[in-house]
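Here are a few exercises to work through with the model open beside you. Try each task before reading its solution.

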Amino acid sequence: MRVNTWKRAAVAFALALPGAAIAAVVAAPAAYADGCYTWNRTLTQGRSGDDVRQLQIRVAGWAGYRDIVENDGRYGPKTAAAVKRFQQAYGLRADGIAGPQTFAKLYQLQDNDCTPAHFSYSELDNGCGGSGWSGGPLSANQTKQNALRTMWKLEALRRSLGDKPLRVSSGYRSRACNNQVGGASDSQHLYGNAADVTSRTSSLCQVARAARDNGFSGLYGPGYPDHDDHVHVDSRRENNSDRSSNTTSWSAPDCGIGAGND
Ligand SMILES: [Zn+2]
């Protein structure tokens with residue numbers, strides 16, 4: 001979070017004014033302007049538009065068990081339920097309506113480059129030492145957009161674990177990088193859709209179990225080959241560019257997660 005000049009200016013202005021004028025200034029949406037994105041209306045079920053899509057990116061991690069929030073710009077029941085879980089997680093009034101209190105929390109959580117407070121683009125781009133966002137199957141811009149959604153899901157996962165730090169050991173990988181580390185040929189890492197995470201304060205199984213509620217349709221952890229030292233999470237269900245079907249795929253047998261017992 002960064003305190004931005006708009007907010008400071010609005011507060012300073014308000015302090016210099018008598019009663020009635022203060023209320024008018026404080027109520028103005030401009031007081032919440034943000035370096036990344038500013039919502040200009042309250043969003044409820046039935047609304048649609050880019051402002052809904054922007055909201056969906058940021059609440060994608062509050063999809064609920066084994067579910068996802070589609071990034072379709074339409075405020076349906078799933079978006080409302082995700083907003084409600086977001087509100088509950090941050091101690092706000094949980095009404096499923098994205099209004100001033102919800103936006104204020106989002107402004108507080110996001111940096112001016114739109115990444116959530118505890119994750120950064122550079123952290124997600126470290127597959128082989130930071131190769132930018134090109135060299136994968138998607139355009140650099142699309143890849144970066146996917147990485148942004150991945151980060152908001154990770155922020156939700158982090159919150160779900162009691163605000164304990166998560167470390168990303170591998171995020172986006174170019175094709176060359178993916179080959180170098182021996183990744184699957186159509187890995188979600190190629191799309192900016194995946195992150196390998198570790199934690200010093202939670203066990204890998206705690207991370208894996210929590211991730212089931214944070215919008216991750218791909219989840220591999222302890223007990224799955226080569227996943228005993230990290231948890232892999234991804235958004236394969238939202239990926240229409242890969243070769244796999246848009247379904248959920250989880251396996252962490254040592255954590256009781258796998259076909260039939262998740
Ligand atoms: Zn992975």
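**Exercise 1. Find the protein donors of the zinc ion and work out which parts of the chain they tie together.**

Start at the metal: H189 (NE2), D196 (OD) and H232 (ND1) are the protein donors, lying 2.0 to 2.1 Å from the zinc ion. Donors here are N, O and S atoms within 2.8 Å of the metal (3.2 Å for Na, K and Ca); water is not among the atoms, so sites may look incomplete.

Next, read the spacing along the chain, which is H-x6-D-x35-H. D196 sits in strand β2 (residues 194-198) and H232 in strand β4 (residues 231-234), so this pair ties together parts that are 36 residues apart in sequence. Helices (H or I, at least four residues) and strands (E, at least two) are DSSP runs, numbered from the N terminus.

A note on the source: this is a predicted model, where local features need pLDDT of at least 70, side-chain atom pairs count only at pLDDT 80 or more, and totals for chains, interfaces and linings use all residues. Residues are numbered from 1 along each chain as its sequence is written, and side-chain values use heavy atoms, with hydrogens and water left out.

**Exercise 2. Decide whether D196 and H232 are buried or exposed.**

Take the cut-offs to begin with: buried means under 20% relative accessible area, exposed over 50%, partly exposed in between (1.4 Å probe, protein chains only). D196 has 6% relative accessibility, so D196 counts as buried. H232, at 7%, counts as buried too.

**Exercise 3. Classify the aromatic pair W62 and Y90, and say where its partners lie.**

Searching the whole structure gives nine aromatic pairs. Rings of Phe, Tyr and Trp (its six-membered ring) pair if their centres lie within 6.5 Å; planes under 30 degrees apart count as stacked, over 60 as edge-to-face and the rest as tilted. The W62 and Y90 ring centres are 6.4 Å apart with planes at 80 degrees, so the pair is edge-to-face.

Now place the partners. W62 is in the loop between α3 (50-59) and α4 (77-89), and Y90 in the loop between α4 and α5 (100-109), so the pair ties together parts that are 28 residues apart in sequence. Both W62 and Y90 are buried.
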